[in-house]
Amino acid sequence: MSSFHEVEIKFLIADIEDLVARLRQLGFQQVTPRTHEMNTLFDLPGHPLRRRGDVLRLRKYGEIWVLTHKTRSQKQNGPHKTRVETETRIDNGEKMEAILRALQFEASFRYEKFRAEWKGKEGHVVIDETPIGTYGEIEGPPEWIDSVARDLEIDRKDYITETYAGLFDSWKRQTKSTAQEMTFEAVGFV
């Protein structure tokens, strides 16, 4: 189990192939090929975790299950999202979900994507193909994030610090979609 301050930004990707070529030019190495990921956020009745800015997530990434808790950090890093993240691998995700439900947690939001991960000198860049668009994330020390963003020609005004649940809510308002979860099936891609 690990706990650390996660510092990151998201950005919208217009062309995956162009981004991959740029990452290779910058010396990034792909550490995870494009892999399916299903995420379920859990909360108690009345959504107390959401109200205080916490996230409890059960993720299936390929064949790997990970349980993650994220909470707001007191430490702020300018235009970057900073959270304290604690996570651990789980042998059996279905049993972990049963435990959470037995403790009165309920699934509050599901989202899926295809993720590829690239490692740089001080952090990672990920490419997330979601039902509502393709996003990148740069995670690492704030100065390194800004340096990589400049190298990738991402302007600070294009930094996104919203969660996928928040992005989905905005997308629903813009598109007037009635989808209740950010899955390919619910959004209409399956």
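H47 lies in the loop between β2 and α2 (48-51), where helices (H or I, at least four residues) and strands (E, at least two) are DSSP runs numbered from the N terminus. The phi of H47 is near 55 degrees, which is a positive value in a residue other than glycine. Most residues other than glycine have a negative phi. At a relative accessibility of 31%, H47 counts as partly exposed, a class that falls between buried (under 20% relative accessible area) and exposed (over 50%), with a 1.4 Å probe and protein chains only.

The model is predicted, with local features requiring pLDDT of at least 70 and side-chain atom pairs counting only at pLDDT 80 or more, while totals for chains, interfaces and linings use all residues. Residues are numbered from 1 along each chain as its sequence is written, and side-chain values use heavy atoms, with hydrogens and water left out.

## Strand β2 and its partners

Strand β2 (residues 29-43) includes D43. It pairs with strand β6 (residues 106-119) in the antiparallel sense over twelve bridges, pairing being assigned if DSSP finds at least two bridges between two strands. Within this pairing, N39 has Y111 of β6 as its bridge partner. Strand β2 is also joined to strand β3 (residues 55-61), again antiparallel, by six bridges, and here F42 stands opposite L56.

## The surroundings of D43

D43 counts as buried because its relative accessibility is 2%. Leaving aside neighbours within four places in sequence, D43 is in contact (heavy atoms within 4.5 Å) with P48, L49, R50, Q104, F105, E106 and S108. The side chain of D43 also reaches the backbone nitrogen of R50 at 3.0 Å.

Helix α5 (residues 164-175) has twelve residues and reaches 16 Å from its first C-alpha to its last, close to the 16 Å expected at 1.5 Å a residue, the expected span being 1.5 Å times one less than the number of residues. The buried residues of α5 are Y164, G166, L167, F168, W171 and K172. In an α-helix there are 3.6 residues a turn, so residues three or four places apart point the same way.

Just after α5, K176 takes a positive phi of about 60 degrees, although K176 is not a glycine. K176 is found in the loop between α5 and α6 (184-187), and is exposed, with a relative accessible area of 70%.

Technical notes
A polar contact is a pair of N or O atoms within 3.5 Å; within protein, one must be able to donate a hydrogen and the other to accept it, and residues adjacent in sequence count only if both atoms are side-chain atoms.
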